[in-house]
Each structure stands twice: as structure tokens, then as C-alpha cells.
Amino acid sequence: MFKVKKVSKPIVVLSTAVLLAFGGIGIASFTFVYKNHTLVSEENKVATLELGELAKEDTNGSYHLYSVKLSDETKFRKEDWVKILEQIENGEVVLEEEN
């Protein structure tokens, strides 16, 4: 137990390099996620504003969709569009005619 084997210099250098690489990857990942998270929320707000009269703002600041056109499909994510189609079938959202 008292006989400690000395660690070679290349192993110390390699271990330090690996540790710094993992730290750099972690910081870069955090920065990427943070920037894109902000962009996604702003993108949703812009998409809602593009809908104009199709959406009304609630008292809590969120928007409620009450009418939509089939051409508006590109303004929504695929899973959101599927939910909107279900709401149209249930009569919760009105499907407007194209001009």
C-alpha cells in the first residue's frame, strides 16, 4: 500500500487532454442548445404572429387557434398539424376556404 507506482508523463498529458476535450465538448453543447432553444421559442412566436387573425391571444399571453387554412400547414410542425386536423374534426377549429 505504501509502494505507489509513479505515473508516466505521457499518461498524465493524455489524461489532461481527454479531460479538456470532454470539457470543451460539454461547453460547446451547452452553448449550442442554449442558442437554439432561444431561437425555437422566437420562431414559434413569429409563426403565431404570421397567422394573424387565425389566432387570438389569451389572458395568460398564450395563443389559441380558432381557424386555419390547408395552406397554413407549412407554418406548423408536423405533430402540431396532426393535432390541428383532429381539432378540425372535433369542431374546435374552423377550416377556412382558400382564396
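**Entry 1: overall fold**

What pattern does the chain follow when read along the sequence? I worked from a predicted model, and I read the order of its elements as α-β-β-β-α-β. I counted 2 helices and 4 strands in the secondary structure of the chain.

I then looked up the contacts in the chain with a separation of 6 or more, and noted that 40% of them link residues 24 or more positions apart.

**Entry 2: surface and burial**

I looked up how much of the chain is covered. Of its 99 residues, 14% count as buried. The chain exposes about 8,700 Å², and I recorded that carbon and sulfur atoms supply 62% of this area.

**Entry 3: a nonpolar patch**

Which residues make the nonpolar surface patch of about 420 Å²? I listed Leu14, Val18, Phe22 and Ile25. I followed up on one of them, Ile25, and placed this residue in helix H1, which covers residues 9–51. Ile25 has a relative accessible area of 52%.

**Entry 4: salt bridge of Lys75 and Asp72**

How many salt bridges does the structure hold? I found 3. In one of them, the side chains of Lys75 and Asp72 meet, with 3.6 Å from N to O.

I checked the accessibility of both partners. Lys75 is partly exposed at a relative accessible area of 32%, whereas Asp72 counts as buried at 6%. The label for Asp72 follows from its 6% relative accessibility, since buried means under 20%.

**Entry 5: salt bridges of Arg77**

I turned next to Arg77, which forms a salt bridge with Glu79; the closest N and O atoms are 3.6 Å apart. Arg77 also forms a salt bridge with Asp80, and here the closest N and O atoms lie 3.0 Å apart. Through shared partners, these salt bridges join Arg77, Glu79 and Asp80 into one network.

**Entry 6: summary**

I close with the two regions examined by residue. The nonpolar patch includes Ile25, a residue of helix H1. The salt-bridge partners include Lys75 with Asp72, and the network of Arg77, Glu79 and Asp80.

Definitions and conventions
Residues numbered from 1 in each chain as written. Predicted model: local features only at pLDDT ≥ 70, side-chain atom pairs only at ≥ 80, totals over all residues. Heavy atoms only, no water. Patch = residues over 30% accessible without salt bridge, like charges linked within 9 Å, V, L, I, M, F, W, Y side chains within 5 Å. Areas by Shrake-Rupley, 256 points an atom, 1.4 Å probe, with all protein chains shown as cover. Salt bridge = Lys/Arg side-chain N within 4 Å of Asp/Glu carboxyl O. Buried < 20%, exposed > 50% of the residue type's maximum accessible area, 1.4 Å probe, protein only. Contact = heavy atoms within 4.5 Å.
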